[in-house]
Protein chains: 4
Amino acid sequence: MSNNLNTNRTFNFSIKVYYEDTDAEGVVYYANYLKFIERARTEMINACDTNLKILHKDYDSRFIVKICNLDFIKSAHLEDVLEVKTSLKKLSNASFVLNQNIFHDEHLILKAEVVIICINRDHKPSKIPDFLKKKIQQLIS
Amino acid sequence: MSNNLNTNRTFNFSIKVYYEDTDAEGVVYYANYLKFIERARTEMINACDTNLKILHKDYDSRFIVKICNLDFIKSAHLEDVLEVKTSLKKLSNASFVLNQNIFHDEHLILKAEVVIICINRDHKPSKIPDFLKKKIQQLIS
Amino acid sequence: MSNNLNTNRTFNFSIKVYYEDTDAEGVVYYANYLKFIERARTEMINACDTNLKILHKDYDSRFIVKICNLDFIKSAHLEDVLEVKTSLKKLSNASFVLNQNIFHDEHLILKAEVVIICINRDHKPSKIPDFLKKKIQQLIS
Amino acid sequence: MSNNLNTNRTFNFSIKVYYEDTDAEGVVYYANYLKFIERARTEMINACDTNLKILHKDYDSRFIVKICNLDFIKSAHLEDVLEVKTSLKKLSNASFVLNQNIFHDEHLILKAEVVIICINRDHKPSKIPDFLKKKIQQLIS
């Protein structure tokens, strides 16, 4: 069972661009945006009053990215402070879909759609823990 | 004017997975595949008898990724030797679309579709140099 | 002219360990500590009421690491919150030496000694701007 | 028991600089040299007819960097092909010291001295497997 959601709320997380993030074109290297949106997802999990270790140990749950569709709109530069806005597009039993958009001063930098699957220690899809599902819905839908 | 192509030939490039590429799950970190496919694109440019610096200086051309759609199929591990197979999906005047699939021992690891735009020093779309267009077609279509 | 300093004060900066920072051993990959201490240096510059862009544009000053001596004491893990403590060992006209120690819950993770040189656009050593020299001394000595 | 060695032979490994390796200064980002010298060490292990997985599984041996002293001499740039030359400075029972120098067209880019410790699954120092010790000596001393 899955629901399509009209998401209103976003989980917002700020990231400053350091030298490590840039490349010889003077802008953020394209792969590094995947790091930024993963940091935002980790923080979102933390905002649900849990963390990756607890989910791993106590719930045999870990999350892997299955699909990631990226649209690079504008460049970001050294020392820019970026805002990653994460919203819930769809929440199913063993997976969810996030929209993660990165902004700099109201300008859209990157649009990402990310399909995440919950797996167990045998790398099989497994149910997202109920408490987490509830928390995610409270946080970003 | 653009052509849709039935691509038969691929440009193949091998990459060994080092510690830097892995994460605490023991597999290649998802953002690092974007590095791998960029390396393959740079090598493809080199296989066209040119390089990024020449294209930059002599042709005022540089290539940026506009869209990147990733489907993560299987995990790759430390010391795996991966094969990036790049083929041409579409070639237009100022852009092209590549399929970049990563394999490990015949197993598909990642499917990527990458839309690349040619821009000039003012960050405006610009014509792909003719010689390069021809070379790319010879190489991967 | 240079002064050896008995440094008492440190500039402290916190960093959370994300997946991107770890490797297949389950710990922070050794190169990534260099990213952490650079972030701390950038934040230290910001704490001096300036930033890299201003120093670049208005003062023709940029900072490069000349020497970096690293002693890896303990491992750090996913979701650890690390504290980078930066202190001034020596401040000269065109260079300075920092001690940058990383801690996790009072445990020393890494000891770094970093020699930094101020250079101009021609990559020649150049005087550290006076205002910044003063600010650095106020902040971390 | 340890021997100081007059090393004559080096293990040489080539690396091309890609966008991922550079930063907004247009040069290789300083942390990435640590990746390059680790790749060279992994290849050196492979040149000893073994690999990290075998050493891990069959010998309960893994190698960690304890000390790394870096002297940054010159910058490297996009598409430079660098040569990492690794030589043995000292070989002891549970550790060894390497000199790893990176060159570009005969120009020295980086000098690194790296102290490596062999540890077991309990993270305790352990004897370097005899066969490997012999191979390392044959290869780079």
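Let's start with how chain C and chain B meet. Of the interface residues of chain C, 100% are also interface residues in chain B, so the copies meet through the same surface. Keep in mind that this is a predicted model.

How are the two copies placed? In general, two copies of a chain are related by a rotation about an axis and a shift along it. Here, chain C is superposed on chain B by a rotation of 180°. The shift along the axis is 0.0 Å, and the RMSD is 0.0 Å. Which residue of chain C has its C-alpha nearest the axis? That is D23(C), at 1.9 Å.

Now the other pair, chain B and chain A. The same surface serves both copies here: 100% of the contact residues of chain B recur in chain A.

Next, one chain by itself. Take chain A. How many helices and strands does chain A have? Three helices and six strands. Follow chain A along the sequence, and the pattern reads β-β-α-α-β-β-β-β-α.

What about overall shape? The C-alpha atoms of chain A fill a box of roughly 45 × 30 × 25 Å, taken along the principal axes. For 141 residues, a compact globule would have a radius of gyration near 14 Å. Chain A has 15 Å, which agrees.

Of the 141 residues of chain A, 53% count as buried. The accessible surface of chain A is about 6100 Å². Carbon and sulfur atoms account for 47% of that surface.

Contacts next. Take the contacts in chain A between residues at least 6 apart in sequence. Of these, 70% join residues at least 24 apart.

And charge. Chain A has 20 positive and 18 negative charges.

Most residues other than glycine have a negative phi. D49(A) is not a glycine, yet its phi is positive, about 65°. Where is D49(A)? In the loop between helix 1 (32-47) and helix 2 (52-59) of chain A. Is D49(A) buried or exposed? Exposed: its relative accessible area is 61%, and the cut-off for exposed is over 50%.

The second one is E106(A). Again, this is not a glycine, and its phi is positive, about 75°. E106(A) sits in the loop between strand 5 (95-104) and strand 6 (107-119) of chain A. E106(A) is exposed as well, with a relative accessible area of 73%.

Last stop: I117(C). Find I117(C) in strand 6 of chain C, residues 107-119. What does I117(C) touch, leaving out residues up to four places away in sequence? The list is R62(C), F63(C), I64(C), K66(C), A94(C), S95(C) and P125(C). S14(C) is 103 residues from I117(C) along the chain. Their C-alpha atoms are separated by 25 Å.

To recap, go back to the copies. Chain C goes onto chain B by a rotation of 180°. Questions, please.

Key
Residues numbered from 1 in each chain as written. Chains lettered and ligands numbered in written order. Predicted model: local features only at pLDDT ≥ 70, side-chain atom pairs only at ≥ 80, totals over all residues. Heavy atoms only, no water. Helix = DSSP H or I, 4+ residues; strand = E, 2+ residues; numbered from the N terminus. Rg over C-alpha atoms; globule rule 2.2 N^0.38 Å. Buried < 20%, exposed > 50% of the residue type's maximum accessible area, 1.4 Å probe, protein only. Contact = heavy atoms within 4.5 Å. Areas by Shrake-Rupley, 256 points an atom, 1.4 Å probe, with all protein chains shown as cover. Lys, Arg positive; Asp, Glu negative; His and termini not counted. Charge placed at Lys NZ, Arg CZ, Asp CG, Glu CD. Least-squares fit on C-alpha atoms with pLDDT ≥ 70 in both.
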